[in-house]
Amino acid sequence: MKKFLVLLLVCVLGVSLLSAAALAQGKKPKIAWCPAISDPFYYMIGKGIEDKCKELGLELFVAEYPKAWGPEVQVPILEAVAARGDIDVIITGPTSKEALIAPLKRIYDSGIEIITVDTYIGDGDYSKPSEYSFPLTFIGTDNFQGGVEIAHRLAEMIGKKGKVFVETTNPDVSSVVERVEGFKKGISEYPDIELVGVEYCLDIQEKAQQQVAAALQANPDIVGIFGTNLYSAQGAYQAVVNAGLKGAVKIASWDATEDLIKALREGKVDLVLAQKPYEMGTLAVEWAYKYFVEGQEVPKRIVPGFFFFTRENVDDPEAQQYIYKVD
């Protein structure tokens, strides 16, 4: 009888421990969204995060949207969010492949999970052991492939010959680095097309405009320009318009902001690649929920697709969902 009671007590304790473990695993996480910059793309990611948190009943803290891009702006915000002491997972877009490794690792070591969206740290391969493999996942566009496809489409627009130029933003940000490299790979397949330069505007539209204007003066026979993000593309098309070359110089741009879609309709831009930022946000929350509540293993890389706007399809009803609208 005594042996039976001891056995019963052990079973009860075992069940209790299992129940406690299950409850711990089933805890709904508190999520923090730490955007990289204040722009339509990141607001769309934030909207996806907010909507998915509401759907799943998760508590969300939204950090400030920085007015400038860079680790010196982003890191203090991340550290302040981590210091709150009530966050389970931070969703963020690292503003540098290398400079954000150590700060994010310190936050992770404090007990907060990290999900990177749009941009990554290191080489983005979190599946292999490394100093930067600690984030749960990277969720973002295949920027290299997007760059390749833009190169092919721009090549077609310029008759597969002539000089082209790339206006980009920061040299140490994973997304734009891949876009430029993909573009170089794609354009290299056309022997009669020459890439005459790559310039970095550091997310300053006026600087992009000045750099493109200088490139057009140095190479007046440029026939195509690739603007790798919002500020690069806006500066590029303004420089082309000011030079009286609207239509003569074809412009391929990245990110379907309302400004760039308007420019496409007006003939200032000829191609716009739309990412899917809202989906990035919803996927980040969905996988945080699956990890914390359901105990699922998270894929180390999740890649939403992209969509190309042209003047032929820009007003199609089904295309409107891909425009970055922040209202």
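Me: The expected span of a helix is 1.5 Å times one less than its number of residues. How does the reach of H2, from its first C-alpha to its last, stand against that expectation?

Reply: This is a predicted model, in which local features need pLDDT of at least 70 and side-chain atom pairs count only at pLDDT 80 or more, while totals for chains, interfaces and linings use all residues. Residues are numbered from 1 along each chain as its sequence is written, and side-chain values use heavy atoms, without hydrogens or water. With 17 residues, H2 reaches 24 Å, close to the 24 Å expected. Gly57, which follows H2, has a positive phi near 70°.

Me: Which residues of H2 are called buried, and what covers them?

Reply: Buried residues have under 20% relative accessible area with a 1.4 Å probe and protein chains only (exposed is over 50%, partly exposed in between). In H2 they are Phe41, Tyr42, Met44, Ile45, Gly46, Gly48, Ile49, Lys52, Cys53 and Leu56. Their cover includes strands S1, S2, S3 and S4 as well as helix H10.

Me: What makes a set of residues a nonpolar core, and which members of the largest one touch the most others?

Reply: The set must consist of buried Ala, Val, Leu, Ile, Met, Phe, Trp, Tyr and Cys residues joined through side-chain atoms within 4.5 Å. The largest such core has 62 residues, in which Tyr42, Ile91, Ile115, Ile225 and Phe309 touch the most other members. H10 gives this core its largest share, nine residues. Apart from it lies another core of 22 residues, Ala32 and Tyr120 among them.

Me: Why is one space called a cavity and another a pocket?

Reply: On a 1 Å grid over the protein atoms alone, a cavity is a set of points where a 1.4 Å probe fits but cannot get out, whereas a pocket is an open set with protein on both sides within 12 Å along at least five of seven lines; lining residues have an atom within 4 Å of a point. One cavity of 30 Å³ or more is counted. The largest cavity has a volume of about 190 Å³, and its lining of 21 residues has Asp39, Trp69, Asp118, Asn229 and Asp255 nearest its centre. H2, H6 and H8 each supply at least two residues of that lining. The largest pocket has a volume of about 170 Å³. Of its 13 lining residues, Met44, Tyr278, Glu279, Gln321 and Tyr322 are closest to its centre, and H10 gives the most to the lining, with three residues.

How values were computed: Grid points are joined across faces, edges and corners, and a volume is the space filled by probe spheres set on the points. Helices (H or I, at least four residues) and strands (E, at least two) are DSSP runs, numbered from the N terminus. Contact means heavy atoms within 4.5 Å.
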